[in-house]
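Hello! I hope they are handy while you look around.

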Amino acid sequence: MRGSLSKPTEVRLDNVFRIVAAVITSEDGEYLLVRKRGTQAFMNCGGKIEPGESPEEALRREIHEEVGMDVGQRVLTPLGRHTAPAANEPGWSIDCDLFAVLLEDKSLATARAEIEELRWVRPDDALAALRLAPLAARVLRGELT
């Protein structure tokens with residue numbers, strides 16, 4: 001026998017949250033970031049995908065739940081699927097479908113559900129002054145969009 005067949009290496013998905021997130025920007029170039037109640041890091045709006053939901057459906061639901069915006073049929077521009085350490089759960093990571101959303105009226109966004117605070121920020125200001133989730137920091141540094 002010239003060798004043996006080995007069992008393929010199993011890919012483990014333990015400690016991974018499968019989520020969607022939105023890079024919400026305004027016409028004046030600011031980004032919307034949110035901070036969940038009981039946490040310190042600001043992040044992109046979004047959350048977990050429920051069984052049976054597409055990433056787009058999940059994101060539309062999460063945006064409405066978190067910041068009260070009905071994005072309806074507004075275009076969600078895919079920015080790819082990305083991984084990063086989870087901001088608030090040590091030892092966990094996120095597997096995230098990221099989408100861009102342009103919002104014409106910033107006053108439509110209000111903190112709801114588990115969102116303690118939301119901020120419209122310029123990238124350099126946020127990078128210098130806020131504690132950011134790893135994925136949000138990569139977005140604001142221009143690494144993903």
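This is a predicted model: local features need pLDDT of at least 70, side-chain atom pairs count only at pLDDT 80 or more; totals for chains, interfaces and linings use all residues.

Residues are numbered from 1 along each chain as its sequence is written, and side-chain values use heavy atoms, with hydrogens and water left out.

1. Helix 1 covers residues 55-67; helices (H or I, at least four residues) and strands (E, at least two) are DSSP runs, numbered from the N terminus. The expected span here is 1.5 Å times one less than the number of residues.

2. The buried residues of helix 1 are Ala58, Leu59, Glu62, Ile63, Glu66 and Val67 (buried means under 20% relative accessible area, exposed over 50%, partly exposed in between, with a 1.4 Å probe and protein chains only). Seen down the helix axis, they fall within an arc of 130 degrees, so they line one face of the helix; the arc is that of the directions from the axis to the C-beta atoms. Their packing partners are strand 1, strand 2 (31-36), strand 3, strand 5 (93-103) and strand 6 (115-121), where contact means heavy atoms within 4.5 Å.

3. Glutamate 62, in helix 1, has a relative accessible area of 7%. Leaving aside neighbours within four places in sequence, glutamate 62 is in contact with Cys45, Gly46, Gly47 and Lys48. Glutamate 30 sits in the loop between strand 1 and strand 2 and is buried at 14%. Not counting residues up to four places away in sequence, glutamate 30 touches Ile24, Thr25, Lys106, Trp120, Val121 and Arg122.

4. Valine 121, in strand 6, is buried at 8% relative accessibility. Among its contacts beyond four places in sequence are Glu30, Leu33 and Leu130. Valine 121 and leucine 33 are 88 residues apart in sequence, yet 7.4 Å apart in space, C-alpha to C-alpha.

5. Leucine 33 also turns up beside leucine 140 of helix 3. Leucine 140 is buried, with a relative accessible area of 7%. Its C-alpha atom is separated by 10 Å from that of leucine 33, 107 residues away along the chain. Leucine 140 also touches Tyr31, Pro123, Ala126, Leu127 and Leu132, not counting residues up to four places away in sequence.

6. What is the volume of the largest pocket? It is about 350 Å³. On a 1 Å grid over the protein atoms alone, a pocket is an open set of points where a 1.4 Å probe fits, with protein on both sides within 12 Å along at least five of seven lines; lining residues have an atom within 4 Å of a point. Of the 21 lining residues, the closest to the centre are Ile19, Lys36, Met43, Glu89 and Ile94. Strand 1 (16-26), strand 3 (45-48) and helix 3 (134-140) each give two or more residues to the lining.

7. One backbone detail to look at is alanine 113, which has a positive phi of about 50 degrees although it is not a glycine. Alanine 113 is found in the loop between strand 5 and strand 6, and at 47% relative accessibility it counts as partly exposed. Most residues other than glycine have a negative phi.

Technical notes
Grid points are joined across faces, edges and corners, and a volume is the space filled by probe spheres set on the points.
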